[in-house]
Amino acid sequence: MSTAAITRDPGAVSGSAGADLVLSGITKRFGDFTAVDNLDLLIPSGSFFALLGPSGCGKTTTLRMVAGLEAPTSGTLSIGGRDITGTAPHQRPVNTVFQNYALFPHMSVLDNVAFGLKRRKVRDAEAQARAALDLVELGHLGARRPAQLSGGQQQRVALARAVVNRPAVLLLDEPLGALDMKLRRQMQVELKKIQTEVGLTFVHVTHDQEEAMTMADTVAVMNNGCVEQMGPPQELYELPRTAFVANFLGKSNLMQARVTGGAGEYLELDIAGNTVALRRDRATDHSGQVLVGIRPEKLRMEPASAGPGIRGVVLDVSFTGASTEYLVDAEGIGTVGVFAQNHGGTLFADGDRVQLAWDPEHAFGLRGDEDSRAGATEGDS
Ligand SMILES: Nc1ncnc2c1ncn2[C@@H]1O[C@H](COP(=O)(O)OP(=O)(O)OP(=O)(O)O)[C@@H](O)[C@H]1O
Ligand SMILES: [Mg+2]
């Protein structure tokens with residue numbers, strides 16, 4: 001691979017190799033509306049960081065402040081320890097790829113990529129642009145005009161054009177938004193590969209939870225201008241700390257429960273007359289009313305028997321091929337979702353009486369006064 005020419009080197013123009021991006025107490029108000037609320041973020045150099053959240057939660061506003069296109073109402077920004085809060089956009093070691101990546105229609109693909117370098121009078125602009133096009137596997141299409149490329153190919157040109165400038169930080173605002181699902185999935189894999197090869201810091205904004213989880217090392221889940229939770233995708237999925245995160249990132253069953261006892265590692269809970277164990281270190285609250293969360297694929301469903309378990313009746317069955325998704329009316333609890341892998345076990349039908357159980361290692365506990373539906377509809381895209 002001829003990536004050498006665009007790999008970051010310590011003497012790069014930006015001078016900020018090894019540069020962490022830090023947002024400290026960043027707030028943005030538009031009139032009396034707070035779009036971004038006292039945000040603290042540390043984005044390590046070389047990481048693939050995703051800002052995930054529903055429409056209007058402040059993702060683009062945050063990116064625009066990093067890019068210098070919007071001034072924070074308060075707070076500071078720095079890259080590699082250098083304060084850039086008041087620095088003009090073009091003087092920041094940052095490049096942005098927007099959802100509507102406008103390529104210059106009258107220029108060849110290669111000239112589009114070389115444009116920024118030529119303007120800065122970089123000597124081997126064309127060779128670097130070729131290397132960047134090779135990186136996105138479009139080296140053979142450099143002579144074409146943007147209109148002669150597919151949407152996904154144009155997207156890759158926009159990416160090459162941003163990467164070639166060797167920014168310390170590359171900001172991506174829903175860059176795959178215009179692509180159809182299949183191309184989108186394909187580009188997700190390629191984008192991740194490019195980021196690993198080039199080693200730049202990517203800050204990727206998306207409202208697609210699957211996209212954030214498959215691509216990022218770290219995901220920050222944003223809601224109403226604040227980060228609700230931040231961490232590696234698997235950690236966020238396995239141990240959400242708020243109802244919003246539990247529902248926005250995948251699906252969760254959130255059930256009202258009361259702490260009735262428990263010493264040591266496990267709390268003892270009552271859920272609609274059933275006694276259930278919950279690991280203390282997986283619960284935000286250790287007394288009173290709580291919400292117990294369990295992912296649909298972590299529930300075990302068996303035909304009703306005399307043994308322990310939450311009783312219910314199957315309300316709906318959707319066979320999806322690899323798995324079957326059930327809705328169960330659970331006694332005293334309400335509707336519960338169950339996903340079962342299809343490896344030849346029992347299939348249930350509407351009206352079947354069943355029993356639900358789970359391994360306490362998989363459940364998580366949230367504050368009892370949280371809205372159990374927070375973030376639920378937004379995540380269902
Ligand atoms: N220039 C502006 N003036 C007033 N309000 C604004 C302005 N820009 C953004 N907002 C508001 O700030 C909030 C956050 O907007 P932002 O564009 O950051 O959302 P987003 O998370 O990027 O959403 P989406 O996923 O829809 O792109 C929204 O409620 C929006 O209406
Ligand atoms: Mg946006």
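Mentor: Let us begin with a convention: Ala, Val, Leu, Ile, Met, Phe, Trp, Tyr, Cys and Pro count as nonpolar, Asp, Glu, Lys and Arg as charged, and the others, Gly among them, as polar. Please note also that this is a predicted model.

Trainee: How many cavities of 30 Å³ or more does a search of the whole structure find?

Mentor: Rolling a probe the size of a water molecule over the atoms shows where empty space is left. Here the search finds one cavity of 30 Å³ or more. The largest cavity holds about 40 Å³ of space.

Trainee: Which classes of residue make up the lining of the largest cavity?

Mentor: Nine residues of that lining are nonpolar, one is polar and none is charged. Among them are Leu 21, Ile 43, Thr 62 and Val 203. Strand E1 (21–30), strand E2 (33–43) and helix H1 (59–67) each contribute at least two lining residues, and H1 gives the largest share, three residues.

Trainee: Which atoms of Ser 55, Gly 56 and Cys 57 lie close to an oxygen atom of ligand 1?

Mentor: For Ser 55, an N or O atom of the side chain is 2.5 Å from a ligand oxygen. For Gly 56, a backbone N or O atom lies 2.8 Å from a ligand oxygen, and for Cys 57 the corresponding backbone distance is 3.2 Å. The protein covers 59% of the 640 Å² of accessible area that ligand 1 has on its own.

Key:
Residues are numbered from 1 along each chain as its sequence is written. Chains are lettered from A and ligands numbered from 1 in the order in which they are written. This is a predicted model: local features need pLDDT of at least 70, side-chain atom pairs count only at pLDDT 80 or more; totals for chains, interfaces and linings use all residues. Side-chain values use heavy atoms; hydrogens and water are left out. On a 1 Å grid over the protein atoms alone, a cavity is a set of points where a 1.4 Å probe fits but cannot get out, and a pocket is an open set with protein on both sides within 12 Å along at least five of seven lines; lining residues have an atom within 4 Å of a point. Grid points are joined across faces, edges and corners, and a volume is the space filled by probe spheres set on the points. Helices (H or I, at least four residues) and strands (E, at least two) are DSSP runs, numbered from the N terminus. A polar contact is a pair of N or O atoms within 3.5 Å; within protein, one must be able to donate a hydrogen and the other to accept it, and residues adjacent in sequence count only if both atoms are side-chain atoms. Accessible areas come from the Shrake-Rupley method with a 1.4 Å probe; for residues, only the protein chains shown count as cover.
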